[in-house]
Amino acid sequence: MDWGCGPGRIIRHLPEVINSGCSFYGTDYNEQSIAWCSRNIPEVNFNLNHLEAKLPYQNDFFEVIYGISIFTHLSEAMHYDWFNELYRVLKPGGILFMTTQGANFLVKLNKAEKTRFEAGALVVRGKVKEGHRTFSAFQPKTYMLALFDQMEVLEHVEFPIGNVKVVPQDIWIVRK
Ligand SMILES: C[S@@+](CC[C@H](N)C(=O)[O-])C[C@H]1O[C@@H](n2cnc3c(N)ncnc32)[C@H](O)[C@@H]1O
């Protein structure tokens with residue numbers, strides 16, 4: 001399941017790439033994205049959700065859920081609400097694959113934000129429209145470890161920044 005699938009940039013490829021009898025799901029709170037995906041990607045089941053953490057799937061339903069740059073647009077309360085909802089619909093033994101704006105993003109933070117981040121607190125800026133790029137959240141490692149307290153952390157990948165213009169997000173792979 002692709003949580004925050006947008007216009008299906010990733011999920012549209014999976015039925016062909018993982019051709020092994022899996023079922024594929026995408027969900028997003030953007031009505032236009034979900035309408036477009038539903039019309040154009042018939043191999044995937046799409047669902048429109050709302051900002052609030054509520055999904056129409058039964059408990060322990062998915063084997064894998066990924067969310068590419070979704071926590072990065074959510075408030076602190078939504079981090080916990082959405083983690084709990086994803087946990088609910090994930091099977092025991094299932095995998096969450098999430099990206100966050102970790103320590104690489106210190107270069108983008110102002111002094112006050114840096115102090116907060118280095119103290120292990122979530123930094124939220126913008127706060128114009130939650131879920132949108134005008135709302136940006138930065139997650140220290142210790143913050144994510146606390147959020148994933150009930151999970152087994154399999155990998156936390158922090159890419160080197162290198163010479164790129166786009167700062168790479170961290171990857172978290174955790175198991176229920
Ligand atoms: C930066 S985009 C990433 C889109 C997609 N994951 C990708 O990598 O191409 C963030 C996406 O998260 C979605 N989003 C934000 N808040 C959401 C929420 N509470 N529930 C579901 N989707 C959400 C936005 O609508 C948007 O499609």
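Me: Hi! Starting with charge: how far apart are the mean positions of the positive and negative charges?
Reply: Hello! In this predicted model, the mean positions of the 18 positive and 19 negative charges of the chain are 7 Å apart.

Me: Thanks. And which secondary structure elements does the chain have?
Reply: There are five helices and nine strands. Going along the sequence, they come in the order β-α-β-α-β-β-α-β-α-β-β-α-β-β.

Me: What about the radius of gyration, what is it for the chain?
Reply: It's 16 Å, and a compact globule of 176 residues would have a value near 16 Å, so the two agree. As for the box filled by the C-alpha atoms, it is roughly 50 × 35 × 35 Å along the principal axes.

Me: Switching to the inside: how much of the chain counts as buried?
Reply: 44% of the 176 residues do.

Me: Which residues touch the most other members in the largest nonpolar core?
Reply: That core has 27 residues, and the ones touching the most other members are Met1, Trp3, Ile65, Leu86, Leu96 and Phe148. At least two core residues come from each of β4 (62-67), α3 (76-89), β5 (90-100), α5 (141-147) and β9 (170-175). The most come from α3, which gives five.

Me: Nice. What does Met1 touch, leaving out residues up to four places away in sequence?
Reply: Met1 touches Tyr25, Thr27, Leu55, Tyr57, Phe62, Val64, Ile65, Tyr66 and Leu86.

Me: Last one: how much of the accessible surface belongs to carbon and sulfur atoms?
Reply: 52% of it, out of about 9,500 Å² for the chain.

Methods: Residues numbered from 1 in each chain as written. Predicted model: local features only at pLDDT ≥ 70, side-chain atom pairs only at ≥ 80, totals over all residues. Heavy atoms only, no water. Helix = DSSP H or I, 4+ residues; strand = E, 2+ residues; numbered from the N terminus. Rg over C-alpha atoms; globule rule 2.2 N^0.38 Å. Buried < 20%, exposed > 50% of the residue type's maximum accessible area, 1.4 Å probe, protein only. Areas by Shrake-Rupley, 256 points an atom, 1.4 Å probe, with all protein chains shown as cover. Lys, Arg positive; Asp, Glu negative; His and termini not counted. Charge placed at Lys NZ, Arg CZ, Asp CG, Glu CD. Core = buried A, V, L, I, M, F, W, Y, C linked by side-chain atoms within 4.5 Å. Contact = heavy atoms within 4.5 Å.
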